[in-house]
Amino acid sequence: MRRLEGQRVLVTGAAGGMGRAHCIRLAQEGASVIALDVAEAASALEETAQAVRELGVVAVTGSADIRDFDTLAEVVADCVKTVGGLDVVVANAGVYDTPGPVWTIDPAIWNRSLDVNLTGAWHTVKACVPHFRDGGSVILVSSTAGIKGIAGAGHYSAAKHAVVGLSRTLANELGAQSIRVNSVHPGSVRTPMIINEKVFANLCPGIENPTEADAAAVLSARNLLPVPWVDPVDVSNAVLFLASSESRYMTGCQLVIDAGLTQKV
Ligand SMILES: NC(=O)c1ccc[n+]([C@@H]2O[C@H](COP(=O)([O-])OP(=O)(O)OC[C@H]3O[C@@H](n4cnc5c(N)ncnc54)[C@H](O)[C@@H]3O)[C@@H](O)[C@H]2O)c1
């Protein structure tokens, strides 16, 4: 028996990065998948769906910006109807910029971070929870930036800390209906969000045109384990555990997958 046989899961930010990895890993364990992302990512989202279908399970896709609640709720309702219900939600979509110290952050960048990373997660839950019928699992993707402050990313750290407050509150509100709510906290993960020239330059201010190897050296020094980052599937395995009945009495928890980043002194 696969670990998510018969379950219906919804993943936001599913066109690439960790969202795609979550869809594939959950599908490997038998789940039907609703994969959502913004309209501009439609062709990459279809690749995710195709990879899921190749595993012999159902995949449906939907286009919605998680900042737009009305559209999101409509798309979620349509997709849930198509797959016949909803058991697991993974609020994964997020954005990250590198603007600098808090007092220098441009209001537009601040607002985008809060709108997508926090309000988008709230919208996702708000659109999905009414579809749960027989318990369920909500997994909110925060970050190690939701546990400790990250210099130069106050907009992101504030939003990801707030996701923990959202998660703990929902755990209180939904426990009596057997709906569990937990957050995951990845450290650095090798996805397009951090594997790009802007982030490399931010990590290595003393190096002209820093490479991935330069960035890896900086990130390795932040971890207890001798690795610069974890792979998307390492986070997907944590998401799978929280989605499955193996974690049936866990709610209101923060699960950290960070190679020791948050514990390093
Ligand atoms: N990569 C890391 O190092 C890292 C570390 C900790 C936490 N995270 C978090 O993990 C999650 C996934 O990150 P990733 O690394 O896969 O990022 P990514 O940039 O590779 O993918 C993010 C996905 O979210 C989608 N998205 C962005 N804004 C959206 C919106 N308004 N509406 C709908 N979809 C939207 C994008 O189109 C993209 O497909 C995010 O919440 C991120 O903050 C990432």
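This is a predicted model: local features need pLDDT of at least 70, side-chain atom pairs count only at pLDDT 80 or more; totals for chains, interfaces and linings use all residues.

Residues are numbered from 1 along each chain as its sequence is written, and side-chain values use heavy atoms, with hydrogens and water left out. The space taken by the ligand is the largest pocket, where a molecule counts as sitting in a pocket if more than half of its atoms lie within 2 Å of the pocket's grid points.

**Ligand site**

- The ligand is surrounded by 29 residues, of which the closest are Met18, Asp37, Asn92, Tyr156 and Thr191; a residue belongs to this shell if one of its heavy atoms lies within 4 Å of the ligand.
- Polar contacts are pairs of N or O atoms within 3.5 Å, and among them is one between an oxygen atom of the ligand and an N or O atom in the side chain of Asp37, at 2.6 Å.
- A polar side-chain atom of Lys160 lies 2.9 Å from an oxygen atom of the ligand, while a polar backbone atom of Ile66 is 3.0 Å from a nitrogen atom of the ligand.
- The ligand taken alone exposes 830 Å², and the protein buries 89% of that, with areas from the Shrake-Rupley method and a 1.4 Å probe.
- Two or more residues of the shell come from each of α1 (17-28) and α5 (154-174), where helices (H or I, at least four residues) and strands (E, at least two) are DSSP runs numbered from the N terminus.
- By class, the shell holds 15 nonpolar, 10 polar and four charged residues; Ala, Val, Leu, Ile, Met, Phe, Trp, Tyr, Cys and Pro count as nonpolar, Asp, Glu, Lys and Arg as charged, and the others, Gly among them, as polar.

**Pockets**

- On a 1 Å grid over the protein atoms alone, a pocket is an open set of points with protein on both sides within 12 Å along at least five of seven lines, a cavity is a set where a 1.4 Å probe fits but cannot get out, and lining residues have an atom within 4 Å of a point.
- The largest pocket contains about 1200 Å³ of space, a volume being the space filled by probe spheres set on grid points that are joined across faces, edges and corners.
- Of the 50 residues lining the largest pocket, Val95, Tyr96, Tyr156, Met193 and Ile194 are the closest to its centre, and the elements giving two or more residues are α1, β2 (32-37), α4 (107-128), α5 and α6 (197-203).
- The lining of the largest pocket comprises 26 nonpolar, 17 polar and seven charged residues.
- The second largest pocket has a volume of about 260 Å³, and of its 18 lining residues the closest to the centre are Gln7, Arg180, Ala243, Ser244 and Ser245.
- In the lining of the second largest pocket, β4 (86-91) and β5 (132-141) give two or more residues, with β5 giving the most, four, and the classes are four nonpolar, seven polar and seven charged.

**Cavity**

- A search of the whole structure finds one cavity of 30 Å³ or more, and the largest cavity holds about 40 Å³ of space.
- Residues lining the largest cavity include Ile66, Asn92 and Lys160, while α4 gives the most to this lining, with five residues.
- The lining of the largest cavity divides into six nonpolar, five polar and one charged.

**Backbone**

- Ser178, in the loop between α5 and β6 (179-186), has a positive phi near 60° although it is a residue other than glycine.
- Asn209, in the loop between α6 and α7 (212-220), is likewise not a glycine and has a positive phi of about 45°.

Methods. A polar contact is a pair of N or O atoms within 3.5 Å; within protein, one must be able to donate a hydrogen and the other to accept it, and residues adjacent in sequence count only if both atoms are side-chain atoms.
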